[in-house]
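This report looks at the fold of a single chain and at the open spaces in its surface. Please keep the sequence and the model in view while reading.

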Amino acid sequence: MQRDPAEIRKLASRSLKNIVSNVERVIIGKREAIELAVCSFICKGHVLIEDMPGVGKTSLVSAIAKSFDCSFRRIQFTPDILPSDIMGFSMYNQKTGEFEYRQGAIMAQIILADEINRTSPKTQSSLLEAMEENQVTVDGKTYPVPQPFIVFATQNPIEYLGTYPLPEAQLDRFFMRISLGYPTAEEESALLDRFKEQSPLSALQAVSNADALAVMQELVTRVHVDPSINAYIVAIVRQTREDPDIALGGSPRTTLCLYRAAQAWALYNERDYVLPDDVIKMAVPVIEHRLVLKREAKMRHITAQEVVRRIVSSTEIPR
């Protein structure tokens, strides 16, 4: 007996909210950032977390991995890490007389690329094939990465000494950029109470699994998007290419990502159709990091976030 689609959507939405609540046992007062990260996951999108040290970036990713019961690996990026450390390498087996593939750190369902801007551009670029095509190529042979697969990368937005800024081509591979920010005084007090004995991360239990995630990823693609919403998404992204403060606007990948993110937010809110509010909600985290501002705009202390909000507010909402 087939289940009613409305019931399936309700179960998916409830499951996603359970995951968010589960992660909140570790990360206090950052529900919106958690929701965005979870929505990226069900869109098969990679996430760049840019924030100050010590605000919970690593804990957030670990809690999401535990909540979904997915395999997890943390790669600490340093200047001396090599592409082979990430992708793996071939080693000669004297017994068989053949070269054997030894897996690299990339072979897990959830990857935390910690301080990704501290490694060389060559090592940074080794992630691109896995992020885009879900595979790695070593000595001419291709090996698939585990599914589901998502990369969470972190970087410090303040300290640039000894770092290698991510090029625009790699920034464009990230579905969203999010930040956590400092907690309020009340949240920080609650943090002390919650962590006074041991980290709640150690006792966190899974509330979903990879099979349920695959169902959610399929459901996202079925959320209806009206042609007027399509035109609205296209209009927003096209304006980023014409704005006087922007040197490089959003690519067609930006349009696709905003489309999918709006579908995910609709599913999260138990709907099978996208509203303009879903597009508005997702516009900043999806578009902001893909833009390159003109030097004059930077000198006037204009941020990409401000530009995106201005573009969204000036674009006619479909009725």
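The model is predicted: local features need pLDDT of at least 70, side-chain atom pairs count only at pLDDT 80 or more, and totals for chains, interfaces and linings use all residues. Residues are numbered from 1 along each chain as its sequence is written, and side-chain values use heavy atoms, without hydrogens and water.

**The chain**

The chain has 14 helices and 11 strands. Helices (H or I, at least four residues) and strands (E, at least two) are DSSP runs, numbered from the N terminus. The radius of gyration is 20 Å, which agrees with the value near 20 Å for a compact globule of 319 residues. It is taken over C-alpha atoms, and the globule rule is 2.2 Å times the number of residues to the power 0.38. The C-alpha trace spans about 70 × 55 × 45 Å along its principal axes.

Of the 319 residues, 49% are buried (under 20% relative accessible area, 1.4 Å probe, protein chains only). Among contacts (heavy atoms within 4.5 Å) with a separation of 6 or more, 78% join residues 24 or more positions apart.

**The pockets**

A pocket is an open set of points on a 1 Å grid over the protein atoms alone, where a 1.4 Å probe fits, with protein on both sides within 12 Å along at least five of seven lines; lining residues have an atom within 4 Å of a point. Points are joined across faces, edges and corners, and the volume is the space filled by probe spheres set on them.

| Pocket | Volume | Lining by class |
|---|---|---|
| Largest | about 1,200 Å³ | 21 nonpolar, 8 polar, 11 charged residues |

Ala, Val, Leu, Ile, Met, Phe, Trp, Tyr, Cys and Pro count as nonpolar, Asp, Glu, Lys and Arg as charged, and the others, Gly among them, as polar.

Which residues lie nearest the centre of the largest pocket? They are Glu50, Arg177, Glu288, His289 and Ala304, out of 40 lining residues. Elements giving two or more residues to this lining include α2 (31-42), β9 (174-178) and α14 (304-314). The largest share, 5 residues, comes from α12.

The second largest pocket is lined by 24 residues, and Cys43, Lys44, Gly45, Met131 and Phe175 are the closest to its centre. Here α6 (128-133), β9, α9 (210-222) and α11 (252-268) each give two or more lining residues. The largest share, 5 residues, comes from α11.

Definitions and conventions:
Buried means under 20% relative accessible area, exposed over 50%, partly exposed in between (1.4 Å probe, protein chains only).
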